[in-house]
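Okay, thanks for coming, everyone. Let me put the structure up, and then I'll walk you through a few parts of it.

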Amino acid sequence: MSRHCFLFIGLIALCITSCSRTPEYTDSAARLAGRIVPSHSDDFIFTLVPAEKDFFELRQNGDKIEIQGNNGISMARGLNHYLRHYCHASVSWCGDNLASIPDTLPAVGEPVHIEASQPLRYYLNYCTYSYSMAFWGWEEWEKEIDRMALQGVNLPLMAVNSQYAVWQNTLKRLGYNEKEISEFLPGAGYEAWWLMGNLEGFGGPVSQKFIDRQTDLQQKMLRRMRELGMAPVFQGFYGMVPNSLKEKFPEANIKEQGEWQTYQRPAFLDPNDPLFDKIADIYYDEQEKLFGKAVYFAGDPFHEGGQSEGIDVKAAAKKILQAMRRKTPEAVWIIQGWQSNPMRDLLEGLEHGEAIILDLMACERPQWGGIKNSLFYKAEGHMHHDWIWCALPNFGGKTGLHGKMSSYASGVVFAKNHPLGKNLCGIGTAPEGIGTIPVVYDMVYDIAWREDSIDIKDWVNQYTQYRYGKADPNCNRAWEILSKTIYECHNEIGGPVESYICARPSDTIKHASSWGTAEIFYDPAEIVTAWECMYNVRHEFAQSETYQYDLVDLTRQVLGDYAKYLHKQAVNAFYRNDLKGFQTYSSKFLALIRDEDKLLSTRKEFNVGTWINQARNAACTPQEQERFVANAKRQITTWTNHDSKLHDYALKEWSGLMRDMYLPRWEAWVDYKLALLRGETAQEPDYFQIEKNWVDSDTRYDSTSTGNAISAVEEIYKKYFIELQQTYKNI
């Protein structure tokens, strides 16, 4: 067994001890089964079998299914394997397929024994907490923790939720008053960038009641995670401090960090300064009081910039780790591998075993050194440090189909057999936003439980069977096409191809967000063919939640792709001074937005009201409710409170947002162009003002779906399918 397994088992034991009781893994697994398949909760037997390496085993035990495993996570993964491959059932953010499970569970013939090939299975990104989870309560988190366990995740990032109380208590002990503390803490929609050292205070203040709510929520989350066998990653103290600290400790070596995008960064306290140890000890003491012991601590000095001039980074790295280990001698520092982070001097300051590097986008921009044409290539890789291969399939929680299946299927196997991959110790996903493309996460976490690469075609056929409840050649054909086209990205930008609908209007659109791309790398006609295959079995799967979601999502993608063609034709007509042609194509473009909005309203996952009402319900005072709703609306549109290149970074094709923000922007552009074609004097619209008007509006949105998804798709299919075929045939 590898050293990583021994390390993790020891650290899990330490985490468990901090809960003051020995966890009963079998009970935890049984309760999870009761939540997932309550009608069959008595049909499973969970048996704890100590082992050095994570494993699960399925076997028949009389008329019951016995699931053995060495901890709760292994047994949960075993339950997931059984549901998928024996019952053809599954759970996801995007619909559950559990209704088809038979009354009498399918028998397990020969015992099935599967071991984890990777001891660590990591999950989450700082940004996930803000782009997707900012306003969650226990109802959402309980389901999410169950999904983590079913995937076999044992190393979830917990650094973001509830740090308000830790910092509040720390700053009080440093002489801060309530007003000063409040000015440092950000709004609920912006915690991620605060803790990464990118901003402070923005979107706040937050109420004491909300701080207490988040603290209670995190304590509940941690109890559930630990009783299953997860080792949560806490936020470490790495030197990020309020800029105001300089006023209280003028002799300390506190460095201004300049700006991140449009924000003044928090200051950075040199870890080599004596004040660092004082604050670190207070910080870890307060964190442990609230949340118990942790072993893994995250934190990134100089993330996406920052100023290290005048700081001995090598020595600083040692000091940061020493501060962690004064409380927990076994502490391990989790560091994000992103852009130039971590810098070489920092890595040289740490010994093997003291840190784990998250190769955050190893799927498309690996840092580990084995792929020289990577945008993030580092010849030295992660040097002598342990590291985790991560997929980052989504930026900003954007809607859109996207993936790189060949990388998920074989990237880890290639890395672990490469000389520079010798310290690979895990696999994970680090999405900026979740709630989309569940296929990606299923594939990534599957590879953690096998030694060889995945045969994509065979795997996809199995996926469609457990995703929809039974095998179907049309669904298989659709997913075979998708796996070779839109789920096999050929660029390193990452994230889904952005829709023109979500872009600020312009004659030429290369991206909707400043760091994204709207340029299609696949043949949109093939996506239409996949759509046709899925559509052909709509009556067969009309009652399937998972099928409904996927059909709506695929229809959304088809419409978004076609919008690009309509826009191009409208622009061409404009430059030919063809008023009639411009009117024809611009009208079709606007009608498509309305059609897509109506389609998306049939699924709660594509409803802006779901997000906004989470924000409203999380608030603890009327004033905070107003701020949180503004946080939620601003984050998915302008991002900040003035015009900047951050606009539309977290764009969403969501019902309500399509109709009330994107459509008015495009209507303004069409009116402007029509005026020019008619020879009238016209000024280009102020698109930021349109966005701000939506953020400031008091329009209420329901969280529920409207209409029937299958009927909505049928309307769109009848209206667009032949037109799409003819269009793509002629270009």
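This is a predicted model: local features need pLDDT of at least 70, side-chain atom pairs count only at pLDDT 80 or more; totals for chains, interfaces and linings use all residues.

Residues are numbered from 1 along each chain as its sequence is written, and side-chain values use heavy atoms, with hydrogens and water left out.

So, confidence. pLDDT is the predictor's confidence in each residue, from 0 to 100. Here the chain has a mean of 95, and 97% of its residues reach 70 or more. Over residues 1–6, though, the pLDDT is below 50, and that stretch has 15 contacts beyond near neighbours in sequence in the model, a contact being heavy atoms within 4.5 Å. Residues 13–21 are also below 50, with 16 such contacts.

C425 has 1% relative accessibility, so it counts as buried. C475 is in no disulfide either, with the sulfur of C533 the nearest at 8.9 Å, and C475 is buried too, at 1% relative accessibility.

Now the sheet. Helices (H or I, at least four residues) and strands (E, at least two) are DSSP runs, numbered from the N terminus, and two strands pair if DSSP finds at least two bridges between them. There's an open sheet of four strands, in the order β1-β3-β2-β4, with mixed pairing. At its edges stand β1 (44–48) and β4 (112–115); each has a single partner strand, so one side of each is left without a neighbour in the sheet. From one strand to the next, the twist averages 20°. Strand β2, residues 55–61, runs antiparallel to β4, and four bridges join them. Within that, L58 has V112 in β4 as its bridge partner. Lying across β1, β2, β3 and β4 is helix α3, residues 72–85, at about 55° to β2. For angles, axes are lines fitted to C-alpha atoms, for helices over the stretch in contact, and angles run from 0 to 180 degrees between N-to-C directions.

Last topic: salt bridges. One of these is a side-chain nitrogen of Lys or Arg within 4 Å of a carboxyl oxygen of Asp or Glu. The whole structure has 53. In one of them, R35 meets E142, with the closest N and O atoms 4.0 Å apart. R35 is in helix α2 (25–36) and E142 in helix α5 (138–151), so the pair ties together parts that are 107 residues apart in sequence.

Then there's D277 with K319, at 3.1 Å from N to O. That pair links helix α11 to helix α12, 42 residues apart. D277 is buried at 18%, while K319 is partly exposed at 22%.

And D643 bridges to R504, with 2.7 Å between the closest N and O atoms. Both sit in loops, 139 residues apart. Finally, salt bridges that share partners join R31, R35, E142, D146, R224 and E227 into one network.

Terms used
Buried means under 20% relative accessible area, exposed over 50%, partly exposed in between (1.4 Å probe, protein chains only). A disulfide is a pair of cysteine sulfur atoms within 2.5 Å.
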